[in-house]
Amino acid sequence: MQKKVGVLLVNLGTPDNPGVSAVRKYLFQFLNDPRVIDLPWLARAILVNLIIVPFRSFSSSKIYKMLWDDRGSSLLYLGEDLRDELQKKMPDHIDVHLAMRYQSPSMESVLEKMRIKNYDQIIILPLYPQYASSTTGSTLERAMKIMKKWYVIPEVSMVSQYWDHPGFIDAFVERGKQYNIDDYDHVIFSYHGLPVRQVDKVYDDGLPCDEHDCETKITELNKFCYKATCYATTRALVSRLNIPESKYTVAFQSRLDKNWLEPFSDKIVEEQAKKGAKKLLVFSPAFTADCLETTVEIGDEYVEIFEENGGEKLDLVPSLNVHPKWVETLEDIIMKRAVV
């Protein structure tokens with residue numbers, strides 16, 4: 001008898017709608033995650049519930065309204081499209097599901113449906129290429145907390161990262177080749193930011209991230225360091241795209257304060273414009289689906305910053321979304337893990 005396999009794709013999440021109430025609910029759940037804001041409980045509760053959520057809900061709602069279209073939130077419907085395209089490639093005994101770490105469709109509700117299916121194996125596949133405690137770590141921890149309550153727990157396989165999968169690199173290379181890179185003065189590889197203290201926690205030797213050669217190589221010590229894998233992702237891409245070292249910068253966006261990974265993407269955009277750059281190309285290889293951080297933050301806000309400081313054109317390379325090579329990459333990851 002063929003063993004049944006259930007695959008759970010998980011992305012970060014999105015409000016149910018761009019209204020203030022829905023955005024407040026989303027921010028409350030997201031920012032109260034101790035892996036996202038890794039402060040002591042009381043400090044996190046005061047910061048999130050009394051300061052960030054009350055003051056950011058209205059401004060974030062306006063930004064989400066810029067993202068929303070006829071199909072809703074791109075993060076959700078692109079995830080649904082990806083799930084459907086991937087399902088077409090699966091044999092009959094493998095089912096593909098989609099959940100969000102925060103809000104709908106919740107991991108709790110989707111995993112309950114999967115429990116009822118009585119799968120022989122469940123594969124948890126977060127849609128984050130580079131491991132970070134606040135994304136992949138939080139997702140895998142939540143899956144374990146849900147499943148540990150089940151009376152019957154099937155075989156479980158969890159995917160931590162795959163930034164170095166040849167298919168993932170191939171997919172972003174194909175995206176990049178849609179542009180004539182020689183036409184641009186500079187290329188920015190913009191990754192979502194993290195507090196420096198979170199990357200420092202990866203190491204057990206007592207030394208900070210900055211003392212582990214994270215910008216130049218992958219080692220046994222830094223292979224799960226988000227900063228190290230972001231730089232390694234960039235090295236793989238620029239090698240394939242023949243971008244000289246002098247023409248690109250690795251940067252980090254969406255910071256909450258100054259103690260986050262540097263350099264900051266918005267500052268690099270501004271600096272390049274002031275140096276005389278007229279055309280910038282921006283990749284976002286930490287995001288596999290276009291979302292608020294790509295479409296609005298880079299595609300609108302960074303364009304405005306660039307033009308205000310003398311630049312003329314900033315182009316955003318689309319995320320992988322439902323690119324055929326991305327679908328093939330996920331197919332390969334799943335099939336190599338699925339029980340026979």
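**Sheet and ring pairs in a predicted model**

Student: Which strands does helix α9 lie across, and at about what angle does α9 run to β6?

Tutor: Helix α9 covers residues 265-274. It lies across β5, β6, β7 and β8, where contact means heavy atoms within 4.5 Å. Helices (H or I, at least four residues) and strands (E, at least two) are DSSP runs, numbered from the N terminus. Axes are lines fitted to C-alpha atoms, for helices over the stretch in contact, and angles run from 0 to 180 degrees between N-to-C directions; to β6, α9 runs at about 140 degrees.

This is a predicted model: local features need pLDDT of at least 70, side-chain atom pairs count only at pLDDT 80 or more, and totals for chains, interfaces and linings use all residues. Residues are numbered from 1 along each chain as its sequence is written, and side-chain values use heavy atoms, with hydrogens and water left out.

Student: In what order do the four strands form the open sheet, and which are the edge strands?

Tutor: Two strands pair if DSSP finds at least two bridges between them. The pairing here is parallel, in the order β6-β5-β7-β8. An edge strand pairs on one side only; these are β6 (248-253) and β8 (313-316).

Student: Which residue in β7 is the bridge partner of Val-187?

Tutor: Strands β5 (186-192) and β7 (279-283) pair in the parallel sense over four bridges. The partner of Val-187 in β7 is Leu-281.

Student: How many aromatic pairs does a search of the whole structure find?

Tutor: Rings of Phe, Tyr and Trp (its six-membered ring) pair if their centres lie within 6.5 Å; planes under 30 degrees apart count as stacked, over 60 as edge-to-face and the rest as tilted. The search of the whole structure finds 13.

Student: How many residues apart in sequence are the parts that Tyr-131 and Phe-224 tie together?

Tutor: The pair is edge-to-face, with 5.9 Å centre to centre and 80 degrees between the planes. Tyr-131 lies in the loop between β3 (121-126) and α5 (133-147), and Phe-224 in the loop between α7 (196-200) and α8 (226-241). The pair therefore ties together parts separated in sequence by 93 residues.

Student: Is Trp-326 buried or exposed?

Tutor: Its ring and that of Phe-168 have centres 6.3 Å apart and planes at 65 degrees, so the pair is edge-to-face. Buried means under 20% relative accessible area, exposed over 50%, partly exposed in between (1.4 Å probe, protein chains only). At 0% relative accessibility, Trp-326 counts as buried.
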